[in-house]
Amino acid sequence: MTYVVTDACIMCKYTDCVEVCPVDCFYEGENMLVIHPDECIDCGVCEPECPVDAIKPDTTGGLDDWIALNHKYAEVWPVITSKIDPLPDHEEWAMTNDKLEHLSEEPGQSD
Ligand code: SF4
Ligand code: F3S
């Protein structure tokens with residue numbers, strides 16, 4: 001089992017989640033974070049920290065594509081362990097659904 005970052009994170013990137021992860025398994029893209037499914041220990045403490053409910057347990061169902069996306073980018077993006085400012089238009093994007101088309105494949109700035 002793992003926890004998974006989903007659609008709602010894109011273009012927001014609040015990063016509250018990274019502060020609580022005991023195994024530092026969040027990885028940073030330009031406009032989204034992902035969790036490495038092989039490193040997550042399923043503690044669940046990150047889930048309630050996300051202001052936009054982007055983090056889901058894989059037991060939710062229907063998340064296969066998101067699990068694959070998290071795994072793919074966790075292999076290439078840098079780890080992030082400290083909170084940074086959310087993206088500039090995060091409040092507007094927090095109200096938006098279906099943001100996958102806006103996902104950047106570029107890495108984030110790292111710690
Ligand atoms: Fe980290 Fe726990 Fe969240 Fe997994 S569930 S990403 S180990 S805080
Ligand atoms: Fe993204 Fe939520 Fe973390 S918006 S960066 S999953 S706190």
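Modeller: Contact here means heavy atoms within 4.5 Å. This is a predicted model, in which local features need pLDDT of at least 70 and side-chain atom pairs count only at pLDDT 80 or more, while totals for chains, interfaces and linings use all residues. Residues are numbered from 1 along each chain as its sequence is written, chains are lettered from A and ligands numbered from 1 in the order in which they are written, and side-chain values use heavy atoms, with hydrogens and water left out.

First, the setting. The protein chain has two helices and four strands, where helices (H or I, at least four residues) and strands (E, at least two) are DSSP runs numbered from the N terminus. Their order from the N terminus is β-β-β-β-α-α. The radius of gyration of the protein chain, 12 Å, is close to the 13 Å that the globule rule gives for 111 residues, so the chain is as compact as a globular protein of that length; the radius is taken over C-alpha atoms, and the rule is 2.2 Å times the number of residues to the power 0.38. Along the principal axes, the C-alpha atoms fill a box of roughly 30 × 30 × 25 Å. Among contacts between residues at least 6 apart in sequence, 78% join residues at least 24 apart.

Of the 111 residues, 46% count as buried. Buried means under 20% relative accessible area, exposed over 50%, and partly exposed in between (1.4 Å probe, protein chains only).

Now the loop itself. Y14 is found between β1 and β2 and is buried, with a relative accessible area of 15%. Leaving aside neighbours within four places in sequence, Y14 is in contact with P51, V52, K83, I84, P86, H90, E91 and A94. One of these partners, H90, also makes a polar contact through its side chain with the side chain of Y14, at 3.0 Å. A polar contact is a pair of N or O atoms within 3.5 Å; within protein, one must be able to donate a hydrogen and the other to accept it, and residues adjacent in sequence count only if both atoms are side-chain atoms. The C-alpha atoms of Y14 and D85 are separated by 6.8 Å, although the two residues are 71 apart along the chain.

C17 lies in the loop between β1 (3-5) and β2 (26-28) as well. C17 is buried, at 8% relative accessible area. Beyond its neighbours within four places in sequence, the contacts of C17 are F26, L33, C46, E49 and I55. Between the C-alpha atoms of C17 and I67, which are 50 residues apart along the chain, the separation is 17 Å.

D24 belongs to the loop between β1 and β2 too. D24 is partly exposed, with a relative accessible area of 38%, and has a positive phi of about 50 degrees although it is not a glycine. A positive phi, of about 55 degrees, also occurs at D98, again not a glycine. D98 lies in the segment after α2 (90-94) and counts as exposed at 65% relative accessibility.

Not counting residues up to four places away in sequence, N70 touches V4, V5, V34, I35 and P37.
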